[in-house]
Amino acid sequence: MTDTMLLRVLLLPVVIVSLLAGCQSDAENAEANPLAGYESPEPLVLRTPEAPMPVPEVTLDGVDGPVQTPTLFDGRWTLLYVGYSYCPDVCPTELGQLAVILPALQSRLPERDWQVVFLSVDPERDTPDHLAQYTAFFHQAFVPVTGSRETIDAVTGAVKAGYRIGKHAPGERRYSVDHDTGFRLIDPQGRMLALLPGPHQPDRIVTTLQSFLSEVDPE
């Protein structure tokens, strides 16, 4: 392992902890999660092309039924976002940004097949049908998935996406979920190559990804 790769491995837990944000009001965030206000000055804080992080082969729940992760990512460049539909502010903001970023990437990098995958970590409330209606508000092409706690944890663990389910009684519908706000760049082989933390500026992200891919995967 080179010194650069080792540094990235050592920095990764710090980056992920810093990204953790709650889908609550600003006042609630400040009290419950002091790291929620973290902002990165750089649009891309982690590059892993030398040691890509593969997403494990698991079966998730998609709109059209079960979907295996190799099939989900096969042949496409993916921006993966982890959240939940009952998020009152953070997720709608980020999905709105992705609704701008996706067509921009398709226009600027037409030689690549792009998609946005929204992974809900809240399967108790987020059924595939509900997720399909929710994501369609932002972009008809978004791909929503969820799954069992085991499969969700397998994917989020592999791409270092932090989340925390608020305490609640069985069957309770009102509870919060803290989660990080990063976009994960997944390559067509189902491996994470980069992490883009919030806040997200669509133009900067598209330009950054264009430059990044010209270095690591020139066409």
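**Questions about a predicted chain**

Visitor: Where is the place of Thr-181?
Guide: This is a predicted model, in which local features need pLDDT of at least 70 and side-chain atom pairs count only at pLDDT 80 or more, while totals for chains, interfaces and linings use all residues. Residues are numbered from 1 along each chain as its sequence is written, and side-chain values use heavy atoms, with hydrogens and water left out. Helices (H or I, at least four residues) and strands (E, at least two) are DSSP runs numbered from the N terminus, and in these terms Thr-181 has its place in the loop between strand 10 and strand 11 (183–186).

Visitor: Does Thr-181 count as buried or exposed?
Guide: Buried means under 20% relative accessible area, exposed means over 50%, and partly exposed lies in between (1.4 Å probe, protein chains only). Because the relative accessibility of Thr-181 is 10%, the residue counts as buried.

Visitor: Which residues of helix 5 are buried?
Guide: Helix 5 covers residues 128–136. The buried residues there are Leu-131, Tyr-134 and Thr-135.

Visitor: Which exposed residues does the face of helix 5 turned away from its buried side carry?
Guide: The buried residues of helix 5 have a cover that includes helix 4, strand 7 (114–120) and strand 8 (143–146). On the face turned away from that buried side, the exposed residues are Asp-129 and Gln-133.

Visitor: Which word, roughly parallel or oblique, describes helix 4 and helix 7?
Guide: With axes as lines fitted to C-alpha atoms, for helices over the stretch in contact, and angles running from 0 to 180 degrees between N-to-C directions, helix 4 (residues 90–108) and helix 7 (residues 202–216) come within 9 Å and cross at roughly 40°. Angles under 35 degrees count as roughly parallel, over 145 as roughly antiparallel, 65 to 115 as roughly perpendicular and the rest as oblique. Helix 4 and helix 7 are therefore oblique.

Visitor: How many residues of the contact of helix 4 with helix 7 are charged?
Guide: Contact means heavy atoms within 4.5 Å, and Gln-97, Val-100, Ile-101, Ala-104, Leu-105 and Arg-108 in helix 4 meet Pro-202, Ile-205, Val-206, Thr-207, Leu-209 and Gln-210 in helix 7. Ala, Val, Leu, Ile, Met, Phe, Trp, Tyr, Cys and Pro count as nonpolar, Asp, Glu, Lys and Arg as charged, and the others, Gly among them, as polar. The residues of this contact divide into eight nonpolar and three polar, while the number that is charged is one.

Visitor: Which residues is Asp-217 in contact with, leaving aside its neighbours within four places in sequence?
Guide: Asp-217 lies in the segment after helix 7, and its relative accessible area of 28% makes the residue partly exposed. With those sequence neighbours left aside, Asp-217 is in contact with Trp-77 and Arg-112.
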